[in-house]
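Here are some notes to read alongside the structure. Please go through the points in order and look up each residue as it comes up.

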Amino acid sequence: MHAFTVSELNNALRAHLEDEGLFFDIWLLAEVVEFRRYPSGHCYFTLKDEQASIRAVLWRSTAERVALLPTNGEAVLAHGRVGFYEARGEVQFVVDQIVPAGMGLLNAQLEQLRARLEAEGLFDERRKRPLPVLPRRIGIVTSLQAAALQDMLTILRRRYPLAEVVLSPCLVQGELAPASIVAALRRAYTEPLDVIILARGGGASEDLAAFNDEQVVRTVALSPVPIITGVGHETDTTLVDAVADVRAPTPSAAAELVAPAIGDLQQRITELRERAENAILSRIDTQRAVVAQQHMLLQRNHPRRRFDTARQTVDDLMRRAGRALARWLQLEQARLQSLHSRLRTLSPQATLARGYAIAQRLDGTVVTDPAQVQPGETLHLTLHAGTVNVTVETANE
């Protein structure tokens with residue numbers, strides 16, 4: 001006989017309950033009692049009905065995602081699995097989702113799917129892409145019979161007729177709708193589109209169930225181009241709205257967001273053209289001023305200009321030299337005239353012209369003293385106009 005220890009028995013019981021997956025994915029409709037949240041963030045409470053109860057635990061990681069924690073006496077719909085706490089030998093229900101019972105099972109399942117997809121990051125805002133400013137090809141995934149389709153086509157033709165619209169029809173309601181929407185999206189993904197509109201008109205919440213389908217949501221997340229949803233009315237919110245790049249409150253609003261108004265584009269083009277023209281003219285004026293300045297610098301430093309300046313300098317120097325030479329010549333001429341006048345004054349001819357004569361003996365000796373001559377001696381006189389020979393009669397001192 002083999003005798004188990006308590007630990008061995010509890011371990012075997014835990015393995016039997018948890019490892020074999022006997023009670024996974026369980027929904028419980030029960031009342032919450034003895035609810036308590038510990039400082040660690042984990043929540044412990046009891047789920048009970050009129051005949052039985054079971055201990056339950058809500059781990060901190062799960063509790064942080066619950067919008068509103070339950071209170072004692074509240075009827076709840078809890079989802080989770082059955083676990084076994086070996087230390088106390090207790091069976092417990094490990095809750096991974098809990099909502100008020102009034103929400104209903106479908107809503108609880110929807111919230112469970114929302115939480116799971118959110119945990120995977122499908123709703124992360126960092127995944128969102130902006131819509132193209134000027135889409136050339138717009139894809140529309142919706143029903144061909146939907147009034148919303150005509151509304152969208154009218155808006156697109158009115159606001160932005162330049163874009164080509166590519167329809168990928170699908171069912172938008174009923175059991176076959178999710179698969180039809182997925183197929184339509186995949187067809188659209190093979191087209192060279194710039195943006196996709198996934199739309200459906202208004203209806204009851206159950207009519208929009210296809211847009212909460214997990215495969216539809218995951219297919220939207222795989223879109224190679226920005227995708228915008230316009231499902232139901234403004235107050236309706238589906239999971240595809242959360243995963244899409246942009247959510248529009250209605251199909252018409254989706255078309256408005258995708259298509260820029262052509263009138264606004266024309267105004268914008270006019271503004272841009274005016275700005276471009278002004279910029280070009282300003283640039284031309286600036287460059288013209290630069291060219292003028294460069295031209296002026298070139299002219300100022302042109303070799304010809306320097307040559308002209310040098311030539312002008314030479315001319316100026318020549319004129320100055322000419323004037324200096326002329327002045328010098330005048331001075332020299334005046335000086336020469338003065339000397340000439342002085343010479344003329346001192347010239348023997350001038351003296352002779354005043355009546356004087358030069359007396360010379362026949363041997364050429366100039367007679368300056370009567371004692372040099374003898375009476376009867378012939379002297380040679382030089383006069384202003386000629387010469388004469390005279391005979392000395394007397395010589396007096």
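**Notes on a predicted model**

1. Arg129 and Asp245 are joined by a salt bridge between their side chains, with N and O 3.0 Å apart. This pair links distant parts of the chain, 116 residues apart. Arg129 sits in the loop between helix 3 and strand 6, while Asp245 sits in the loop between helix 7 (239-243) and strand 10. Bear in mind that the model is predicted.

2. Are the two partners buried or exposed? Arg129 counts as partly exposed, because its relative accessibility is 27%. Asp245 has a relative accessibility of 11%, so this residue counts as buried.

3. The structure holds 18 salt bridges. One of them is formed by Asp124 and Arg126, whose closest N and O atoms are 2.7 Å apart. Asp124 is partly exposed, with a relative accessible area of 26%. Arg126 is exposed, at 75%.

4. Within helix 6 (residues 214-221), Glu214 and Arg218 lie four residues apart, which is about one turn of the helix. Their side chains form a salt bridge of 3.0 Å, N to O. Arg218 is partly exposed at 25% relative accessibility, and Glu214 is partly exposed at 23%. Both belong to a network of salt bridges that also links Arg116 and Glu120.

5. Thr46 belongs to strand 2 (residues 43-48). With a relative accessible area of 7%, Thr46 is buried. Which side chains make polar contacts with the side chain of Thr46? One is that of Glu34, at 3.1 Å, and another is that of Arg55, at 2.6 Å. Apart from neighbours within four places in sequence, Thr46 is in contact with Glu31, Val32, Val33, Glu34, Ser53, Ile54 and Arg55.

6. Helix 8 (residues 251-258) has Pro251, Ala253, Ala254, Ala255 and Val258 among its buried residues. The buried residues of this helix pack against strand 6 (137-141), helix 4 (147-159), strand 8 (195-200), strand 9 (227-231) and strand 10 (246-248).

7. The second largest pocket holds about 460 Å³ of space. It is lined by 18 residues, and those closest to its centre are Arg65, Val66, Gln97, Glu111 and Ala115. Strand 5 (90-100) and helix 3 (105-119) are the elements that give two or more residues to this lining. Helix 3 gives the most, with six residues. Sorted by class, the lining has eight nonpolar, four polar and six charged residues.

Definitions and conventions: Residues are numbered from 1 along each chain as its sequence is written. This is a predicted model: local features need pLDDT of at least 70, side-chain atom pairs count only at pLDDT 80 or more; totals for chains, interfaces and linings use all residues. Side-chain values use heavy atoms; hydrogens and water are left out. On a 1 Å grid over the protein atoms alone, a cavity is a set of points where a 1.4 Å probe fits but cannot get out, and a pocket is an open set with protein on both sides within 12 Å along at least five of seven lines; lining residues have an atom within 4 Å of a point. Grid points are joined across faces, edges and corners, and a volume is the space filled by probe spheres set on the points. Ala, Val, Leu, Ile, Met, Phe, Trp, Tyr, Cys and Pro count as nonpolar, Asp, Glu, Lys and Arg as charged, and the others, Gly among them, as polar. Buried means under 20% relative accessible area, exposed over 50%, partly exposed in between (1.4 Å probe, protein chains only). A polar contact is a pair of N or O atoms within 3.5 Å; within protein, one must be able to donate a hydrogen and the other to accept it, and residues adjacent in sequence count only if both atoms are side-chain atoms. Contact means heavy atoms within 4.5 Å. A salt bridge is a side-chain nitrogen of Lys or Arg within 4 Å of a carboxyl oxygen of Asp or Glu.
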